[in-house]
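Colleague: I would like to learn how to read a model feature by feature. Could you take me through this one?

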Amino acid sequence: MTPREAVRRICFGGGVGAVAVAALGVLVHYIGPESNTLIIASSFVPVLLAVGVAGVVALAAVRARRTLLAGLLVLLAGIVTQAPLFVRNAPAAAAADGQIRVLQANIRLGEADPDALVDLVRSRRADLLTVEELTDAAVTRLRAAGLEDLLPVTFLKPKESGGGGTGIYSRFPMHDPRMLGRFSMANLVAGIDVGEGRRVTVVAVHPMPPYPSPSWMWAAEMSKLTGLLHRIGGEGDPVIVSGDFNSTYSHSRYRSILTGGFVDAGEQAGAGLVPTYPADRWYPAMLAIDRIVLRDAVVGEYERVDLPGSDHHGIFATVTPQFDGTGFDGTGFDGTGAKR
């Protein structure tokens, strides 16, 4: 075998392998596996598709036409899985005086810089902040940094240590704060009064991660979360769900939430992947697990923000509730299936 033939064989084999990796990404996007290994693969679908692009380039270089065609079809299928995230599918948001400015922050076992978080709340003029991995000590530090001067209405369920604590900080009056079911970590729900007798339901979520815990436990919590959110969605008020979902758009159990009128705010905004984790490595964040989900509401701005001292980036969004029950769900239908 000549050196040229050896290189061609290596390129062909590598290209086929890379396309197979992309095909795995497409498969796990749809099938909803309960295997920890396949759940991890689901988390990295965009990365797997990028590997497929390299494979297609290699196949093109060696002119393996039939295999190249198969690779292009796999990539096309992969593009279909991610394309909704890149195309805004909601009308323009209403005027700023109707918006709620939302911040989402996982503060890594309470270790994020409290002054930086308070500065972020101040600079973004946030009306609402959801916090995960809230500890008792973090509550004290955030209070000392002035967070409750900016967002004085609170519903907090911190933990002494660990990642199970959650909190809601609000500029608006709050009513009926309660735990959302029984989960491994605290998930909270409360109503906020935004004026003129109008109320919005706010949910701060943090289901358990799919690994290293057994995958069936994560699947069970995601199913429970879906059921509880849909029950809340039936109560009539606009809903803002903000938190660390420990899931990406390519997890079918996350997408099961996005039914019955619920929409992913990032998808509605056409914001793209917006990865938020991990934020403390030498390489960029790869997983978009901090998310905001809406019902009967329209997103305006949607972007990632830095949280110094945390292993997550945060999310900032402006949200306009739709109190006439016609919140846009990206399909042209309302939550009951009736055509608008």
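**Reading the model**

Modeller: Start with Ala23, which is in helix α1. Helices are DSSP runs of H or I with at least four residues, strands are runs of E with at least two, and both are numbered from the N terminus. Ala23 is partly exposed, with a relative accessible area of 33%. Buried means under 20% relative accessible area, exposed means over 50%, and partly exposed is in between (1.4 Å probe, protein chains only). The C-alpha atoms of Ala23 and Ala126 are separated by 41 Å, and the two residues are 103 apart along the chain.

Colleague: What conventions apply?

Modeller: This is a predicted model: local features need pLDDT of at least 70, side-chain atom pairs count only at pLDDT 80 or more, and totals for chains, interfaces and linings use all residues. Residues are numbered from 1 along each chain as its sequence is written, and side-chain values use heavy atoms, with hydrogens and water left out.

Colleague: How do I read the faces of a helix? Which residues of α4 are buried?

Modeller: The general idea comes first. An α-helix has 3.6 residues a turn, so residues three or four places apart point the same way. Now the case. Helix α4 runs over residues 65-82 and has 18 residues. From first C-alpha to last, α4 reaches 26 Å, close to the expected 26 Å. The expected span is 1.5 Å times one less than the number of residues. Leu68, Gly71, Val74, Leu75, Gly78, Thr81 and Gln82 are buried in α4. They cover an arc of only 125° around the axis, which puts them on the same side of α4. The arc is that of the directions from the helix axis to the C-beta atoms. Arg65, Arg66, Leu73 and Val80 are exposed on the other side of α4.

Colleague: What covers the buried residues of α4?

Modeller: The cover includes α1 (3-31) and α3 (45-61). Contact here means heavy atoms within 4.5 Å.

Colleague: Next, the backbone. Where are the cis peptide bonds and positive phi values?

Modeller: Most residues other than glycine have a negative phi, and most peptide bonds are trans. Here the bond from Tyr211 to Pro212 is cis, with omega near 10°. Pro212 is in the loop between β7 (198-205) and α8 (215-233). Tyr277 and Pro278 are also joined by a cis peptide bond, with omega about -10°. Pro278 lies in the loop between α10 (265-269) and β10 (290-295). As for phi, Asp176 has a positive value near 50°. Asp176 is in strand β5 (residues 174-179). Asp296 has a positive phi of about 55°, and is in the loop between β10 and β11 (297-305).

Colleague: How do I describe aromatic pairs? How many does the structure hold?

Modeller: A pair of aromatic rings is described by the distance of the centres and the angle of the planes. Rings of Phe, Tyr and Trp (its six-membered ring) pair if their centres lie within 6.5 Å; planes under 30 degrees apart count as stacked, over 60 as edge-to-face and the rest as tilted. The structure holds two pairs. The ring centres of Phe245 and Tyr254 are 5.4 Å apart and the planes are at 85°, so this pair is edge-to-face. Phe245 and Tyr254 are both buried. Trp282 and Tyr283 also form an edge-to-face pair, with 5.2 Å centre to centre and 85° between the planes. Trp282 is exposed at 80% relative accessible area, and Tyr283 is partly exposed at 27%.

Colleague: Finally, how do I read a core? Which residues have the most contacts inside the largest one?

Modeller: In soluble globular proteins, nonpolar side chains tend to be buried together. A nonpolar core is a set of buried Ala, Val, Leu, Ile, Met, Phe, Trp, Tyr and Cys residues joined through side-chain atoms within 4.5 Å. The largest core has 27 residues, and Ile100, Ile168, Ile240, Ile292, Leu294 and Tyr302 have the most contacts inside it. Apart from this core lies another of 25 residues, among them Phe183, Met185, Trp218 and Val241.

Colleague: And Val202?

Modeller: Val202 is in strand β7 and is buried, with a relative accessible area of 1%. Beyond neighbours within four places in sequence, the contacts of Val202 include Leu128, Ile168 and Ile240.
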